[in-house]
Amino acid sequence: MWFHTEEAVLPPDYTDLNAPPATSPGGLTVFASGAPGVDGLIRIRQDAIVSGGELQRGGSILSTPERRAYVFAVDGPLAINDAGLPARGGAEISGVSAIRIVAQDTPSRVLVIDVAEKFSALAA
């Protein structure tokens, strides 16, 4: 995943997260964050939060992004606020106060990226 830095003068940075820790049932683990007040396993230089979780069949996660979110069904179909999302599919979501993510017929992992509504890089 590539994020532009929030300041144009910052050099690119690269970090691997090869084996993130197991997520708690029904919750999301913050893998990477640059959002004020949100700690992640990796610090990024943009106001964004990358989190993930695992759902068993019928299990659900409630996410409350305050901005725009991108949700990805990693390996099984999901329902996002009652709309279907196929395995390996993605959805862009904005203008809602909560996102209910439910594993449908099979277990699935989910990736949620919370970003600002508009990108802006500060010039030097």
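Read along the sequence, the protein chain runs β-β-β-β-β-β-β-β-β-β. Helices (H or I, at least four residues) and strands (E, at least two) are DSSP runs, numbered from the N terminus. The count is zero helices and 10 strands.

Two notes before you start. This is a predicted model, in which local features need pLDDT of at least 70 and side-chain atom pairs count only at pLDDT 80 or more, while totals for chains, interfaces and linings use all residues. Residues are numbered from 1 along each chain as its sequence is written, and side-chain values use heavy atoms, with hydrogens and water left out.

**Stop 1: the whole chain**

Show the whole protein chain with its surface. The accessible surface comes to about 7,500 Å². Carbon and sulfur atoms hold 52% of that surface. Accessible areas come from the Shrake-Rupley method with a 1.4 Å probe; for residues, only the protein chains shown count as cover.

Now colour by burial. Buried means under 20% relative accessible area, exposed means over 50%, and partly exposed lies in between (1.4 Å probe, protein chains only). Of the 124 residues in the protein chain, 36% are buried.

**Stop 2: strand β3 and its partners**

Select residues 48-55, which form β3. How many of the eight residues in β3 are buried? Seven are, and the strand is mostly covered.

Two strands pair if DSSP finds at least two bridges between them. Pick A32 to see one example: its bridge partner in β3 is V50.

Look for E54, which stands opposite R109 in β10.

**Stop 3**

A salt bridge is a side-chain nitrogen of Lys or Arg within 4 Å of a carboxyl oxygen of Asp or Glu. Side chains of opposite charge can pair when their charged atoms come close. The structure holds four salt bridges.

Select D47 and R67. Their side chains meet in a salt bridge of 2.7 Å, N to O. The pair links distant parts of the chain, 20 residues apart. D47 sits in the loop between β2 (42-43) and β3. R67 sits in the loop between β4 (60-63) and β5 (68-73).

Is R67 buried or exposed? R67 is buried, at 19% relative accessible area. D47 is partly exposed, at 22%.

D114 forms a salt bridge with R67, with the closest N and O atoms 2.9 Å apart.

Show the three residues together. Salt bridges that share partners join D47, R67 and D114 into one network.

**Stop 4: R109 and D75**

Return to R109. Which residue meets the side chain of R109 in a salt bridge? The partner is D75, at 2.8 Å, N to O. R109 is in strand β10, and D75 is in the loop between β5 and β6 (78-80). They are 34 residues apart. R109 is partly exposed, with a relative accessible area of 42%. D75 also counts as partly exposed, at 35%.

**Stop 5: R68 and E92**

Select R68, in strand β5. R68 is buried, with a relative accessible area of 17%. Its side chain and that of E92 are joined by a polar contact of 2.5 Å. A polar contact is a pair of N or O atoms within 3.5 Å; within protein, one must be able to donate a hydrogen and the other to accept it, and residues adjacent in sequence count only if both atoms are side-chain atoms.

**Stop 6**

Finish with backbone angles. Most residues other than glycine have a negative phi.

Select D82, in the loop between β6 and β7 (83-85). D82 is not a glycine, yet its phi is positive, about 75 degrees. D82 is exposed, with a relative accessible area of 76%.

Move on to R88, in the loop between β7 and β8 (90-93). R88 is not a glycine either, and has a positive phi of about 65 degrees. R88 counts as exposed, at 69% relative accessibility.
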